[in-house]
Amino acid sequence: MMKQIYLNQLIIFLCLLPLSIFVVDLSAQNNEVDDIAAHDHPPVLHKVSSFADEAVGVMDKGQLQNLTMNYGMITDTRYEDVGNAPTQYFFDFRYPRKDFTGLIDDFSIFVAIPKNSMNNNNGNVIEGWTDNDNEDWVAKDGSYGLTHYNPSTDPNPHEPLKYPPDNPTTPYLAHSDLPITWPVDETGAPFWPGYFRRDPVTDEFIEGEFASDRDVYAVFTDDNNQQGDVVGLEVEMMAYCYGRPYADKFQFYEFYIHNTSGTPIDNCYVGYYQDPDCSDYGEEILILPDPKFDNPDIPDIILQRDIDGATRPNSKGVTEYYSFGMAVLETPKDIGVTTFHYYDDAGPTEDDILWPIISNDPTDSDIKDFSDRYFHGADKNFDDVSLISEGFDAVFIVATGPFTLEPGEVVKSTIVVAVDESDDDFYDQIDQAVQMYNFNFVGPAAPPAPAISVVPSDGKVTLYWDDQAERAVDVFTGDSDFEGYRIYRSQDNGQTWGKEIIDAKGNLIGYFPLAQFDIDNDISGADSRNPFVYLGDNTGIRHMYEDKTVKNGISYAYTVVAYDRGDSIIYSLESARGTSNADKNFVTVTPRPNFSGKVDADVESLLHTAGNGKGEINISIIDENILTTDTYEIRFKGDPANRFDIYNAGSASSLLSDLPLNTIDNAVIDGFMVTVDSERKLGGLKSISDGFGFNVMGSSNPDSSKSWYVEVTDRFQAALENRVHDYEIRFVNNGSLAYGWGLPASSQTVFQAPFEVWDITDHDQEVKICFQIQDVNSNQVFDEGEAINIVSQPYADPEIGELLPAAYPADFPYRVNINNYAQDTENTPPQTGDVIRIESFRSLRSDDVYTLQFRQFSFDPDQVNLKEIRVVPNPYLVGAAWELLQNSHQVRFMFLPPVCTIDIYSIGGEKVNTIKHDNYTGEELFNLVNSSNQALAFGVYVYVIETPDKDKHIGKFAIIR
């Protein structure tokens with residue numbers, strides 16, 4: 001039943017899925033100044049120590065991105081202000097990822113009541129926009145450690161994530177996809193402090209599962225109220241963002257508002273203040289599809305865009321004709337929207353002015369003389385946006401009330417923020433968001449992105465990742481529909497991801513992956529539901545990729561995503577590409593040479609310590625930097641084996657479980673990968689060959705001398721244990737006594753045969769065994785054509801007439817006939833030295849165990865070759881493309897030993913700098929400055945490299961204009 005409900009909703013989703021992105025128009029002649037860049041902001045106040053609990057939520061999974069926080073601001077301009085950590089990273093809503101535009105200046109939730117001892121009960125508005133860096137809302141006391149990670153509360157602390165990356169100052173809030181941001185308990189175990197996803201049918205929370213690609217949790221209170229009494233409010237915020245193409249242009253913000261005061265709070269309003277800036281400065285218009293917010297068939301939308309954004313680009317040459325806005329999806333006590341007013345930015349900041357606006361009272365004595373600034377049209381509750389005849393710098397307030405909030409009561413308010421290229425597309429985004437809201441913020445999802453690791457080396461980058469995505473279940477459909485992986489590479493730190501996929505209208509759809517691996521099944525080629533999605537070429541799944549198209553010294557970013565196969569309703573989806581090193585599927589790396597004298601890691605030993613199954617164990621060292629000297633065991637499941645586990649023998653802990661046999665790739669653990677090839681068949685004849693490896697089975701396959709061939713009868717009644725062994729018939733001078741034909745009770749040794757029979761299953765412990773000969777002509781001599789029964793019992797040097805020590809049919813696995821080859825007219829039998837090898841199907845089994853150890857990489861000073869040392873680039877060209885790519889003045893010393901000293905001299909012999917190289921890599925950066933941090937002049941410089949063993953190398957490099 002549940003799945004049918006999902007299916008019905010999926011059909012609706014299909015009609016709403018967007019396939020294209022806005023095309024930037026660079027043809028317009030007039031450029032304008034961006035509103036956010038031009039707007040004057042109040043002076044920044046320094047944070048007081050009590051604000052140490054503040055943190056940020058980085059909502060950057062989709063095309064719409066935002067920075068949210070735990071002090072009442074859905075978004076904020078704090079990082080924009082020059083006085084407080086200026087940064088190139090985003091600080092407000094922005095769209096799209098490439099050539100983005102800022103969308104909002106300030107955006108805050110508020111709660112308003114009339115009671116306030118500071119202004120004779122003429123309004124108490126708890127908000128977060130009128131006093132930048134000193135908002136009424138403040139992070140709940142103790143949040144740093146209770147709701148997001150604080151290393152001081154962790155018995156095993158790690159470095160916390162902070163924002164922005166170029167000047168990390170503010171911790172991350174708890175992010176669902178980044179457990180490193182979660183608070184920890186007294187044992188150091190991380191726990192999710194917020195709400196898990198709710199089942200769309202039962203509405204029950206599902207432990208350990210999340211609604212979006214990134215859920216963010218925050219808690220704030222009114223304890224910092226600036227102009228009014230502290231009421232006793234606590235607000236929990238859940239924010240949701242998505243990297244999926246059908247949901248990457250909107251974000252949800254869900255607020256749980258608690259009355260912790262112990263007394264009723266009367267005449268409450270809950271609402272939002274927004275300063276939209278999806279336009280050039282002062283050219284905004286507002287649109288209300290439902291002007292009175294009373295049509296149940298239309299979401300409560302406030303839409304904003306630039307009045308002439310389609311024709312006039314901003315100073316960046318980008319037209320900002322985006323339709324941007326919000327919709328109120330849930331109001332406290334289901335009252336609905338009761339207030340909407342707009343006015344010029346930034347509007348009033350005093351509570352006694354804000355209160356009558358929010359409570360819809362233009363006759364209030366505090367504003368009646370200028371109420372026309374805040375009330376537009378005949379309806380005192382809802383402003384008439386049709387009165388906006390030309391663009392202006394607009395802000396607005398939208399609210400719900402009044403209602404009473406009882407002691408301990410919790411009310412909810414939920415909004416969605418969305419953007420798209422046109423009004424119609426924007427409304428489609430809102431419709432899509434409403435469908436997902438009705439499903440508790442859940443929609444069809446790709447498998448989760450894998451966690452990736454990276455290994456730099458000389459002219460090569462190796463990526464490897466886990467296999468968790470392959471077992472994931474889509475919480476929306478209930479299907480496990482993983483199909484493959486895509487690898488993307490970026491040279492601008494993840495802003496773009498290589499060659500673009502463009503539709504017929506010139507819209508950016510996505511990027512071609514650097515590589516793609518998919519399940520070898522009947523699903524491949526272009527997705528029939530979306531031609532811009534390619535499902536793969538049935539390559540088989542890989543968990544490692546080597547990129548050999550990189551250059552040493554150049555920085556690259558990589559992301560690996562998982563994708564599903566789609567179904568008859570919705571096209572294939574891929575997980576969100578990573579956006580920073582905080583994401584588990586994003587890495588940055590600079591390839592570099594190994595240090596001179598390096599001895600590579602290797603397999604120290606691989607021993608078959610239990611069982612006698614046959615298989616090929618392949619060990620690949622992927623990341624020797626994390627390789628250990630522990631002892632590992634490879635154990636198998638099934639008879640014949642079809643899966644295997646890898647254990648750490650010392651701790652007896654399972655590291656990887658249920659890995660498949662006969663694959664080209666498996667997950668990496670502790671820096672190495674194991675693959676196993678085995679025939680997965682137990683017992684019976686596999687092959688017959690002579691001593692030179694030639695197939696001699698059947699009359700068309702003579703031995704290498706063209707004299708004889710072999711036929712074998714497989715005795716299926718024999719014990720399986722004997723039918724999985726390998727045997728050899730060896731023709732030797734003395735041979736062995738043959739037993740006569742018949743059952744063991746009557747079979748006696750009768751005459752000397754010119755050969756011996758050996759069980760060679762264990763090459764280290766080969767066993768000579770018994771055999772019978774069917775002496776057809778009773779001449780007491782072995783002749784070609786006479787049958788030989790192999791008897792799998794040890795040969796004990798019997799005397800003539802002794803009985804055969806065996807059981808029938810258990811010990812009789814094969815009957816062998818050595819026949820004359822038709823073209824051998826002289827009837828030449830096998831000669832001394834000839835060998836007939838009988839190989840059985842002998843798959844690995846559950847009793848097989850292999851033990852594995854490694855030798856870690858090391859340094860051998862005798863292998864150091866200082867003559868290989870190079871300076872790159874040389875000469876160094878100021879202003880060259882290489883310099884711009886690196887964004888700094890520097891050269892690299894390459895192919896160095898792991899530890900050395902680099903002294904740099906002018907051509908006249910004056911020492912200008914010394915570098916201590918001890919990072920155990922083959923390279924060292926030099927930023928072309930002297931010991932006083934002054935830039936080196938143009939010219940030729942001499943470098944002297946000296947090892948701890950006093951070996952020296954002298955070279956030159958030049959700096960030229």
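## Overall form

Of the 961 residues of the protein, 56% count as buried (under 20% relative accessible area, with a 1.4 Å probe and protein chains only). This is a predicted model, in which local features need pLDDT of at least 70, side-chain atom pairs count only at pLDDT 80 or more, and totals for chains, interfaces and linings use all residues. Residues are numbered from 1 along each chain as its sequence is written, and side-chain values use heavy atoms, without hydrogens and water.

The protein has seven helices and 57 strands, which are DSSP runs numbered from the N terminus (helices: H or I, at least four residues; strands: E, at least two). Its radius of gyration, taken over C-alpha atoms, is 38 Å, well over the 30 Å of the globule rule for 961 residues, so the protein is more spread out than a compact globule. That rule is 2.2 Å times the number of residues to the power 0.38. The C-alpha trace spans about 135 × 85 × 55 Å along its principal axes.

## A three-stranded sheet

Strands β50, β52 and β55 form an open sheet in the order β50-β52-β55, with antiparallel pairing; two strands pair if DSSP finds at least two bridges between them. β50 (870-872) and β55 (923-926) are the edge strands, each pairing on one side only.

β50 is joined to β52 (residues 891-894) by three bridges. Arginine 870 has methionine 894 in β52 as its bridge partner. Strands of a sheet pair through backbone hydrogen bonds, either parallel or antiparallel.

Definitions and conventions. Buried < 20%, exposed > 50% of the residue type's maximum accessible area, 1.4 Å probe, protein only.
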